[in-house]
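This report goes through one structure, moving from a metal site to the chain around it and then to the aromatic side chains.

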Amino acid sequence: MDTELAPIQFAYGPSEAEILNNGHTVQVNLAAGNQIMLNGRTFHLKQFHFHTPSENTVNGKFFAMEAHLVHADADGNLAVIGVMFNKGDANPVIASLWAQMPKKAGAHKKLEATVDPMTLLPAAKDHYRFNGSLTTPPCSEGVFWLVMKNALPVSSAQADAFTALMHGPNNRPVQPINARPILE
Ligand SMILES: [Zn+2]
C-alpha cells in the first residue's frame, strides 16, 4: 500500500532510568518526558526492551535482535517502535546496558548514567506501520506498530549474551500480518 505517511515527531532526550530483568526480557523503564507525536496524538515513552532473535520480520527476514520502544497515550492506546539489529560491530549503547543488566530474574537497578532513547533509533526514520496486538501478554488491540526499515548493529557476542541470560530465544512465532494493511 502506497500512502503518504506523516513523519513521526520525536521529542526524546537523556533520561534517568532503571533496568529490570523480569525473566522474559531486559527492560529499561524511563522517567517521564520522552514522547512522540503520531497523527496529531501524543504518545509517552514508558519503556524499551529486547528480543533475540527479532519478533517482526522485514521481507521475511529475521534479525539477530529487536528492540521495542513502548509508548502510551492518555487513553491507554499503545504505539510500539520496533528497531532491528543486524549482526555486525559491537553496539556501544547495548554494551553500556548489558554491563548493568541484572543477572537475576526479578532484579532491577537504577542506570548509572542517563540514557537517550534516540541512540536506539537508526538515523533514517523510514518505517512500516501496521496495527496489531502486542506480542507479549496481555495482548491488547489498538496497538500502532512502527517498524524501522533500517537496522542498527549488534555483535554476535552481545546477542548471544542476551539469549543466554534469557535461557533461550524470547521472541515468539510471527503473527500473520498479511491480513492487516501495512503502510509505508
Ligand atoms: Zn517486545
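## Zinc site

In this predicted model, the donor residues of the zinc ion follow the spacing H-x1-H-x16-H in sequence. The donors are NE2 of His49, NE2 of His51 and ND1 of His68, and they coordinate the zinc ion at 2.0 to 2.1 Å.

With buried meaning under 20% relative accessible area, His49 counts as buried at 9%. His51 is likewise buried, with a relative accessible area of 1%, and His68 is buried at 2%.

## Surroundings of His68

His68 belongs to strand 6, which spans residues 65–72. Besides coordinating the zinc ion through ND1, His68 makes a side-chain polar contact with the side chain of His51 at 3.1 Å, and another with the side chain of Glu66 at 2.8 Å.

## Chain architecture

The chain contains two helices and 11 strands, and read along the sequence these elements follow the pattern β-β-β-β-β-β-β-α-β-β-β-β-α. Of the 184 residues in the chain, 46% are buried.

Among the contacts between residues at least 6 apart in sequence, 64% join residues that are at least 24 apart. The chain exposes about 9000 Å², of which carbon and sulfur atoms supply 56%.

## Aromatic pairs

A search of the whole structure finds seven aromatic pairs. One of them is formed by Phe48 and Phe50, whose rings are arranged edge-to-face, with 6.0 Å from centre to centre and 85° between the planes; both Phe48 and Phe50 are buried. These two residues also belong to one aromatic cluster together with Trp98 and Phe162.

The pair of Phe130 and Trp145 is stacked, because the ring planes lie at 15° with the centres 6.2 Å apart, and planes under 30 degrees apart count as stacked. Phe130 lies in strand 9 (residues 127–132) and Trp145 in strand 10 (residues 143–148), so the pair ties together parts that are 15 residues apart in sequence. Phe130 counts as buried at 7% relative accessibility, and Trp145 is buried with a relative accessible area of 2%.

How values were computed:
Residues numbered from 1 in each chain as written. Predicted model: local features only at pLDDT ≥ 70, side-chain atom pairs only at ≥ 80, totals over all residues. Heavy atoms only, no water. Helix = DSSP H or I, 4+ residues; strand = E, 2+ residues; numbered from the N terminus. Buried < 20%, exposed > 50% of the residue type's maximum accessible area, 1.4 Å probe, protein only. Polar contact = N/O pair within 3.5 Å; in protein donor to acceptor, adjacent residues only side chain to side chain. Donors = N, O, S within 2.8 Å, 3.2 Å for Na, K, Ca; no water. Contact = heavy atoms within 4.5 Å. Areas by Shrake-Rupley, 256 points an atom, 1.4 Å probe, with all protein chains shown as cover. Phe/Tyr/Trp six-rings, centres within 6.5 Å; stacked < 30°, edge-to-face > 60°.
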